[in-house]
Every structure is written in structure tokens, then in C-alpha cells.
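Here is a note for a colleague who is new to this structure. The points below can be read alongside the sequence and the model.

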Amino acid sequence: MKKYVFAHFMVGNTFPYTQQDWLEDITLAYEHNIDGFALNIGNEAWQLDRISDCFAAASKTKVPFWFFFSFDMSSLPSTTAEDIQFMCRYVRRFGKNERMFRYGHDPSLFVSTFAGEQSLFGQPTLDDAWNFVKDRLASAVQCSIHYVPSLFIDPALYSGMTSLDGAFNWNGSWPVHLNSNSTRQEIECPTLDSDDEHIRNLNGRTFMSAVSPWFFTHYGPESWNKNWIYRGDDWLFVRRWEQLVAMRDRVDIIQIISWNDYGESHYIGPIKGAQPNSQSWVDGYPHIAFLKMAKYFIHTFKEGRYPPVYEDQIFAWARPHPKNAVASSDRVPKPEHWDLTDDKVWVVVFAKSPATVSMHGRSTFKVDVRAGLTKLCQALKPKDSIDITMERNEVVVAKCSPSKFTFEPRPTMYNFNVFTACS
């Protein structure tokens with residue numbers, strides 16, 4: 001069956017969006033081989049209007065681009081049977097739109113959730129609850145529902161749940177198991193094998209896996225009280241793509257986390273819309289280089305083979321300050337797990353043919369690279385910048401030297417987000 005790649009899209013960050021904003025995002029995502037957006041729906045009434053704008057914008061382009069609803073059950077009401085009306089309103093209004101994603105041999109409307117393990121809708125069991133939801137949604141749109149949620153439950157429970165048409169392993173892309181007691185070997189090369197348990201317990205049902213470039217969130221107790229990192233070092237985004245390509249026969253859909261979740265620092269789209277009070281660690285830290293790099297791997301996952309490299313490119317990313325730095329003006333403390341990261345610039349080189357890469361700093365590090373993809377890194381010291389060149393036959397064929405990056409030893413605010421750049 002055809003493979004798909006979607007990007008998780010936070011509708012809650014689109015309050016000021018116009019149809020033009022939606023059209024720009026759709027076009028940009030499609031240009032980078034993304035098939036559609038998983039629209040994260042929260043409980044604010046205005047989100048219905050933004051979704052209307054989204055579908056109106058999609059109608060203005062002929063590119064094949066799809067949407068499915070990822071109902072955010074950490075936000076939506078789900079205690080009583082009447083609470084289903086919120087979800088029905090969306091499905092009734094948009095479910096028959098030609099841009100809605102349909103999946104399966106007998107195509108059904110694809111529906112997902114973030115969480116939902118606490119959502120009972122007045123039913124006696126979790127499985128009863130989601131069978132109830134599926135029946136109501138099917139009635140609202142007059143077609144069957146293909147339900148593939150990210151339920152935070154033991155995957156061993158999948159076999160007893162008739163409501164599930166599949167599952168989404170939300171946390172599969174980060175080494176969430178690491179802590180200060182982990183061995184250095186595991187910290188530097190963490191296992192990302194949680195997909196196996198999901199696949200084994202789904203018994204052939206749809207499996208949606210996750211890939212994500214980073215994770216840092218920095219909210220104090222007076223707001224969302226979320227303040228931690230997952231280690232994104234060791235070329236995590238690339239290694240995860242390589243892993244998913246290698247296991248593509250067992251993965252039906254990949255969801256990139258995320259297009260625009262600024263609060264958790266894993267956005268790959270442009271910084272726009274309305275941020276959830278994350279400006280202090282997002283503004284000035286573009287992630288478009290991640291999007292550009294992902295294009296190659298998305299193509300590979302969908303086609304099943306790595307294409308030749310047709311363009312010499314350098315991609316680089318680094319945090320903005322040393323992990324041991326003390327922020328002078330931050331009322332929120334250093335994030336949990338800050339000690340798990342390293343003070344390095346992470347580099348990926350795409351070379352059309354063999355070349356020499358120079359990483360300039362207090363000393364210049366040179367390495368000969370083969371055709372294809374090469375991963376490199378270099379330690380960062382305070383006040384360092386990023387300056388990388390690729391040469392072939394003594395001619396510079398690619399250069400990555402962003403002027404806006406300095407490894408700042410005395411930050412005013414803690415920022416474990418990442419600055420990305422490319423040639």
C-alpha cells in the first residue's frame with residue numbers, strides 16, 4: 001500500500017491566520033514532499049473558522065494535499081455522551097470535503113487523536129467509548145471511520161480493543177527514557193525501539209510512526225508547568241529517518257512532529273501565526289533547514305530507495321548557549337534533563353561526489369567525505385560561530401556560515417532550542 005507522510009499542525013497557533021497563510025503553508029509543505037497536515041483540534045470555538053479557511057485555501061490549489069483531524073483529547077470535553085457533539089460538528093462540516101484523507105482498501109475517513117485514554121464519553125470501558133465515538137462520527141459523515149489514535153496506554157491492550165483500526169506511537173521519535181543515570185553509551189546512541197511493541201500488538205492494523213527533530217519546552221508553574229528537554233543530539237532527526245526507511249515495510253504512515261508546535265521547539269515550518277508564549281526561545285531560531293533536509297528522507301521513505309544526491313548541501317544546527325551557562329534574568333529554572341545534551345554543532349553533508357569539508361573555528365577541522373550523506377560534529381566553545389565549507393578540486397561548492405549565530409556564554413534566558421542553518 002502507498003506510504004504517506006503528514007506533519008502535525010497546531011491549529012491553536014493560527015488565530016491570526018488568513019487563507020493566504022494557509023495556502024503558503026500548504027504549498028511549502030507540498031514542495032518538500034509532505035502529503036498533508038494532521039490538524040490538531042483544540043476546544044477554542046474560533047478554531048472552526050480557521051479550519052474553514054484552511055479548506056478554502058486548499059481549494060485554490062491543484063496540488064494533491066490532504067488533511068485529517070487529530071482531536072486533542074487533552075483539551076476537548078469527553079466525559080459524557082453529549083460531549084461527542086464537539087467532534088461531530090467538525091466531521092459533519094468537513095468530513096465530505098475532497099481534501100479529507102481517506103485510507104484503507106475500502107477508503108474510510110481517517111481520524112486520529114492526541115491522547116484519549118481518559119476519554120470515556122459516559123461509556124463503561126475505553127474500547128466502548130471509542131466504538132461509540134466511531135459510530136457517532138460515521139453517522140455524522142455517513143461513511144466508515146478509520147481510527148488511528150495516539151493513546152498513552154500499554155500497547156499490549158491493543159489486541160483487546162475492537163475500536164482501533166491502528167495506532168500512532170507519538171513518543172517514538174525521542175529518547176524519552178534517558179535520564180541522568182543513563183550510561184554515556186546509551187546517551188550518545190540511544191535506542192529508539194518502542195515502535196516494535198506497537199507493531200507487534202497491532203497484528204497488521206495501521207501503524208503510524210513519528211519523527212521529530214528536537215524537543216525543548218520552558219513553561220513555569222504559573223502557566224503550563226512544562227520545563228524539560230529530550231536529547232536531540234547525535235543527528236537525531238537524520239538517524240530516526242534512516243531507521244524508519246529501514247523498517248518501512250512495517251510502517252504505513254509517518255507523522256512529523258511538528259509543523260508549528262513552537263512551545264515544544266520541534267517545528268519545521270516557518271515561525272508565524274500566534275505563539276503560545278514561546279517567543280523567548282523561538283524568535284530568531286528558524287528550523288527551515290530541518291524541513292529542507294527532510295525532503296530527501298521523505299522521498300526515500302515513500303519510494304523505498306535512497307536517490308542520488310544532485311546538489312551539494314551543508315546542514316548545521318546547534319543550541320545557542322553552553323548547557324552549564326546561568327541565565328541572568330530567567331524566572332523559570334534550567335530545564336529538566338539539561339545535562340543530557342552536549343555543546344556541539346551537528347552537521348550533515350550531502351555531496352554529489354567526493355569532496356573536502358572544512359569546519360572553521362579556533363582551529364580548522366578538515367575531513368574528506370564520500371558521495372552521498374555524511375554526519376559530522378564539532379565541539380562548541382563560548383563565542384564560537386558556525387563556519388563550514390565544502391570544496392572540490394579547490395573550489396568551494398557549498399558554504400554554511402550563518403551571521404546570526406554565536407554560542408553565547410552569558411544568556412539572559414535559558415534556551416535549549418536549536419538554531420538551524422544550511423548552505
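1. Does Cys 88 count as buried or exposed? This is a predicted model, and in it Cys 88 has 2% relative accessibility. Buried means under 20% relative accessible area, so Cys 88 counts as buried.

2. The disulfide count comes to 0. Cys 88 is in no disulfide, and the nearest cysteine sulfur, that of Cys 143, is 12 Å away. Cys 189 is likewise in no disulfide. For Cys 189 the nearest cysteine sulfur belongs to Cys 377, at 13 Å. A disulfide would need the two sulfur atoms within 2.5 Å.

3. Helix H1 runs over residues 19–31 and has 13 residues. From its first C-alpha to its last, H1 reaches 18 Å, close to the 18 Å expected at 1.5 Å a residue. Just after H1, Asn 33 takes a positive phi of about 75°.

4. Which residues of H1 are buried? They are Asp 21, Trp 22, Leu 23, Asp 25, Ile 26 and Ala 29.

5. Helix H6 covers residues 195–202, and its buried residues are Asp 195, His 198, Ile 199, Asn 201 and Leu 202. What do they pack against? The partners are strand S7 (166–168), strand S8 (206–211) and helix H7 (236–246). Just after H6, Asn 203 takes a positive phi of about 55°.

6. Met 390 is found in strand S17, which spans residues 388–392. With a relative accessible area of 0%, Met 390 is buried, because the cut-off for that word is under 20%. Ala 355 lies 35 residues from Met 390 along the chain, and the C-alpha atoms of the two are separated by 6.6 Å.

7. How much space lies in the largest pocket? The volume is about 680 Å³. The pocket is lined by 28 residues, and the closest to its centre are Met 10, Asp 72, Trp 224, Lys 226 and Asp 261. By type, the lining divides into 12 nonpolar, 11 polar and 5 charged residues. Rolling a probe the size of a water molecule over the atoms shows where empty space is left.

How values were computed: Residues numbered from 1 in each chain as written. Predicted model: local features only at pLDDT ≥ 70, side-chain atom pairs only at ≥ 80, totals over all residues. Heavy atoms only, no water. Helix = DSSP H or I, 4+ residues; strand = E, 2+ residues; numbered from the N terminus. Expected span 1.5 Å × (residues − 1). Buried < 20%, exposed > 50% of the residue type's maximum accessible area, 1.4 Å probe, protein only. 1 Å grid on protein atoms, 1.4 Å probe; cavity = no way out; pocket = protein on both sides within 12 Å on 5 of 7 lines; lining within 4 Å. Points joined across faces, edges and corners; volume = space filled by probe spheres on them. Nonpolar A, V, L, I, M, F, W, Y, C, P; charged D, E, K, R; others polar. Contact = heavy atoms within 4.5 Å.
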